[in-house]
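Here's a walk through one protein model, starting with a pocket and then moving on to the sheets and a few loop residues. Keep the viewer open and follow along.

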Amino acid sequence: MGLALPSDDLDEVLAQTQGFWSRFGGARLFITGGTGFIGSWLIQAIQRANDKLGARIEIVALSRAPERARLAHPQVFARQDIQLLAGDVTDFHDDTGPLDLCIHAATDVGDPRQSSAPLQTFDSIVAGTRRILDVAQSRGATRFLLTSSGAVYGTQPEDLTHVPESYQGAPDPTLPGSAYGNGKRAAEWLTCAYAAQHGANGFETMTARIFALLGPGLPLNSSFAAGNFIRDALSNKAIIIQGDGRPLRSYLYMSDLCVWLLRILESGQSGQAYNVGSEHPVSILDLAGQISRAAGYAASIEVKTAVDPRVPPPRYVPDTHKARLSLNLREQVPLPLALQKTLHWSRSAMTP
């Protein structure tokens with residue numbers, strides 16, 4: 001992340017999570033994936049709470065390159081309220097000290113190496129989750145949050161407009177390319193098994209199944225269509241859609257994501273999974289058009305694949321009734337505002 005996140009977004013997170021800071025003030029939190037898209041938002045929100053609310057939360061973050069992180073972003077990673085541990089989720093020295101909370105947010109779905117290394121992807125997710133669960137439980141953590149993915153459901157059926165947590169679909173186990181979704185399913189099972197085995201000792205676990213996201217810090221050179229569209233629009237280049245533009249996605253803004261994750265960690269029921277995302281679908285073609293108009297450059301849009309009317313457009317849209325009803329969670333930032341905020345931040349990040 002090249003720039004600090006918007007202070008108004010971080011303040012909105014604080015305003016929507018007051019119960020978390022009062023309940024867990026002074027806690028020690030272990031987070032993996034701390035230098036990634038989701039982890040960086042969570043860390044900066046916690047640090048904002050430390051600065052503005054006196055939350056006194058100590059962060060222990062796992063990083064493959066701690067010194068590089070400190071040098072690149074000292075305003076985040078060289079503060080007194082954060083300790084960086086060197087290593088990855090499957091191989092690090094357990095020097096966390098006593099813990100109260102854990103957020104396992106490692107494994108970047110946007111890693112282009114995943115498609116060519118399915119075994120490595122699966123092993124990293126599953127073995128990494130087992131390792132983090134072991135550390136969190138042995139170090140005294142009482143609440144553990146796994147960030148999973150809507151990929152655990154496999155292909156969303158044509159007649160299912162919004163996929164609920166009760167849907168029993170799954171990624172095709174005969175496809176090596178389904179390593180990410182199948183790995184996340186195994187990680188979810190491990191997380192629930194630890195809750196069942198160690199719950200009597202106060203170890204509670206929750207899972208957040210995250211769908212598509214949007215916000216400052218979104219990778220602009222990865223497998224995220226929205227990020228690539230923003231990059232091209234801000235560079236005054238044509239927006240390229242590799243498919244036919246019909247797939248339907250929905251996008252949750254990052255300040256909303258932080259609110260949802262912190263509230264699930266605070267009040268979610270142990271052994272349960274919660275969908276985390278927007279319920280408002282948008283086609284990839286419509287998303288490209290909205291980005292082009294919001295960027296103000298009227299970038300042209302090129303669709304590479306002709307529409308085959310015999311093939312229904314794939315959907316990736318969650319049903320979030322469970323989180324909304326049980327945890328009183330809401331999507332606060334609509335897509336047009338989310339695009340405006342993300343474009344503004346990304347334009348500044350791309351300016352030399």
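## The second largest pocket

The second largest pocket is lined by Val-152, Tyr-153, Glu-165, Tyr-167, Gln-168, Gly-169, Arg-185, Glu-188, Trp-189, Cys-192 and Arg-209. Bear in mind that this is a predicted model. The space in this pocket comes to about 200 Å³.

What kinds of residue make up the lining of the second largest pocket? Five are nonpolar, two are polar and four are charged. Helix α7, residues 179-198, is the element that gives the most to this lining, with four residues.

## The eight-stranded sheet

Now for the sheet of eight strands. It is open, its pairing is mixed, and the strands come in the order β4-β3-β2-β1-β5-β6-β7-β12. The edges are held by β4 (91-92) and β12, each of which pairs on one side only. Helix α9 (residues 254-267) packs on this sheet and touches β1, β5, β6 (143-149), β7 and β12. The direction of α9 makes about 135° with that of β6.

How many residues of β1 are buried? Five of the five are, so the strand is largely enclosed by the rest of the structure. Both faces are covered: on one side you'll find Arg-28, Phe-30 and Thr-32, on the other Leu-29 and Ile-31, and all of them are buried. Note that Arg-28, a charged residue by type, sits in that buried set.

Strand β1 (residues 28-32) pairs with strand β5 (residues 101-104) in the parallel sense, over four bridges. Within that pairing, Phe-30 stands opposite Cys-102, and Leu-29 has Leu-101 as its bridge partner. With strand β2 (residues 58-63), β1 also pairs in the parallel sense over four bridges; here Arg-28 stands opposite Glu-58.

## Moving on to β5 and β6

Strand β5 also has both faces covered, with Leu-101 and Ile-103 on one side, Cys-102 and His-104 on the other, and all of these buried. Four bridges join β5 to β6, and the two run parallel. If you want to trace one of those bridges, go to Leu-101: its partner in β6 is Arg-143.

At the β12 end of the order, strand β7 (residues 204-210) pairs with β12 in the parallel sense over five bridges. Ala-208 stands opposite Tyr-274 in β12.

Is β12 largely enclosed or largely open? Four of the five residues of this strand (residues 272-276) are buried, so β12 is largely enclosed by the rest of the structure.

## The three-stranded sheet

There is also an open sheet of three strands, in the order β13-β10-β15, again with mixed pairing. β13 (282-283) and β15 (315-316) stand at its edges with a single partner strand each, so one side of each has no neighbour in the sheet. Strand β10 (residues 248-249) and β15 run parallel and are joined by two bridges. Leu-248 has Arg-315 in β15 as its bridge partner.

## Ser-326 on helix α11

Ser-326 is part of helix α11, residues 321-327. What is the relative accessible area of Ser-326? The value is 48%, which makes the residue partly exposed.

Setting aside neighbours within four places in sequence, Ser-326 is in contact with Tyr-274 and His-321. Tyr-274 is the β12 residue that stands opposite Ala-208. The C-alpha atoms of Ser-326 and Ala-193 are separated by 22 Å, and the two residues lie 133 residues apart along the chain.

Some background on backbone angles: most residues other than glycine have a negative phi. Which way does phi go for Arg-56, positive or negative? Its phi is near 60°, a positive value in a residue other than glycine. Arg-56 is placed in the loop between α3 (37-53) and β2, and at 57% relative accessibility it counts as exposed.

Asn-328 also has a positive phi, near 55°, and again this is a residue other than glycine. You'll find Asn-328 in the loop between α11 and α12 (335-350).

Note on methods:
Residues are numbered from 1 along each chain as its sequence is written. This is a predicted model: local features need pLDDT of at least 70, side-chain atom pairs count only at pLDDT 80 or more; totals for chains, interfaces and linings use all residues. Side-chain values use heavy atoms; hydrogens and water are left out. On a 1 Å grid over the protein atoms alone, a cavity is a set of points where a 1.4 Å probe fits but cannot get out, and a pocket is an open set with protein on both sides within 12 Å along at least five of seven lines; lining residues have an atom within 4 Å of a point. Grid points are joined across faces, edges and corners, and a volume is the space filled by probe spheres set on the points. Buried means under 20% relative accessible area, exposed over 50%, partly exposed in between (1.4 Å probe, protein chains only). Two strands pair if DSSP finds at least two bridges between them. Contact means heavy atoms within 4.5 Å. Axes are lines fitted to C-alpha atoms, for helices over the stretch in contact, and angles run from 0 to 180 degrees between N-to-C directions.
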